[in-house]
Amino acid sequence: MPPHAPHGLPRSEDSAPSEPRTGDSSRADLSSAERRTGATSQSTARSRLAAAERSARRGLSHLGLDSRADLLLVLAVALWLGYTAIASLAHGGPSADALPFLIAPVVILAGVAAGRVLASRSTHVDPSRSPDDDTTDAPAPRRGVTTTHLSAAVALVAGLALLVPFYANAQAAFGLQLVALAGLLALSNERHEPDTLAPTRVTHLTLPVPTLVAVVLGVLLAGRAQAAGVLVVVLALVLTLALVRRDLPSRRRLTAPRTLVIAGGAVIAVAAAVVTWLGGLSTWPTWLSTSGSLSGARHALWVDALELWSQRPLTGSGPGSFAASSPIAATRADLSEVHSSVLQVAAELGLVGVLLLAGLLAAGLAVGAQRGGRAALVATTAWTALAVHSMIDHLYEFPPVTLAAGLVLGWASAPHHRPA
């Protein structure tokens, strides 16, 4: 007879000690180890990415390009150059037709770097001011060229551009960028009371004579094209607002970098969409036919560009293919281009090229807007104006235009000066 269990402790299967669940615990330990490994891998990847970013920014800092927006612009330029070179090789090897695509972004980048260098080596103090003048919060003079001297140089360049003939629409776009640059120099050199004292909303608009001459000559240049003439009026209004309204930096929603990038990008996108829509029309509107800027010949060029794009929508037909495929382009040398940057890129570099162009334009907006304030407002307006104008013309292949545009972006985003 089996022994009786002690009172209160009946023998049963429920009271038997359970076997350890080795399978479940092993799986739990494995899952925990995998999570720890995954977290470690992600942390390592983030660390390596951060280290690569720091290394790239240190390398670019020698050129005055050390912000995240600058890195974005460099990346956009590198992607553009790489794709353009591949597209050129894929359609018959290296060609001079690819040079405008390759040179323009490099010149813009060089202009940004030059603008940073000029800003870092210049002083914002008007040499006509008395050293005892304590009504300004500008720093004490230091060695370097003054902004007044730079304004005189801008005026000289604008005067030479009026005398040296080249493509009138490119001259006009160049003049618009010179107006923006002169305005930025005026913002850097303006006379006002310290912000920590009683800041005023409106300040008197007083410009040094060289700056005023540079603005006038730039406007005269811009007036050589109807589109640029309209755009320079918009820029002049923005510049005047920036010069007379000292409280704009406090209106963060208006001059915040994100706001400026979104606003500029939206305007550029609308301009590109309108040009594409116009190019798809079967007949050109009468009111456009009478315009000196948007003639029937330009409509024919846009139609041919859209037709070429439809043949290879993703990658395009290669740099220089438009001139060989368009009947009207073969009739006159001045019609060898599409006269629209977005349609030229679409026809020859396809949708990939259009997206890379959009990336370049967005990166330029980010660089100009990164410090916010009035200078950023002026710079992004000028950059947007050039992009809109280029939607109905070919302007980026003229180095003076792209260099001036880069200078504007570089000066406005220089880290060595307090944002205006």
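Histidine 91 sits in the loop that runs between α2 (68–90) and α3 (99–120). The model is predicted. In this model, histidine 91 counts as partly exposed because its relative accessibility is 31%, between the 20% and 50% limits. Its side chain makes a polar contact of 2.9 Å with the side chain of arginine 312. A polar atom of the histidine 91 side chain also lies 2.8 Å from the backbone oxygen of alanine 87. With residues up to four places away in sequence set aside, histidine 91 touches Arg312, Gly316, Ser317 and Gly318. Serine 321 is 230 residues away from histidine 91 in sequence. In space, the C-alpha atoms of histidine 91 and serine 321 are 9.0 Å apart.

Aspartate 70 forms a salt bridge with arginine 116, with 2.8 Å between the closest N and O atoms. The pair links distant parts of the chain: aspartate 70 belongs to helix α2 and arginine 116 to helix α3, and 46 residues separate them. Aspartate 70 has a relative accessible area of 1% and is therefore buried. Arginine 116 is at 2% relative accessibility, so this residue counts as buried too. Buried here means under 20%.

The salt bridge count comes to 2. Besides the pair of aspartate 70 and arginine 116, the side chains of arginine 298 and aspartate 393 meet in a salt bridge, at 3.8 Å from N to O.

Asparagine 169 counts as buried because its relative accessibility is 16%, under the 20% limit. A polar contact of 3.1 Å joins its side chain to that of tyrosine 167.

Technical notes:
Residues numbered from 1 in each chain as written. Predicted model: local features only at pLDDT ≥ 70, side-chain atom pairs only at ≥ 80, totals over all residues. Heavy atoms only, no water. Buried < 20%, exposed > 50% of the residue type's maximum accessible area, 1.4 Å probe, protein only. Polar contact = N/O pair within 3.5 Å; in protein donor to acceptor, adjacent residues only side chain to side chain. Helix = DSSP H or I, 4+ residues; strand = E, 2+ residues; numbered from the N terminus. Contact = heavy atoms within 4.5 Å. Salt bridge = Lys/Arg side-chain N within 4 Å of Asp/Glu carboxyl O.
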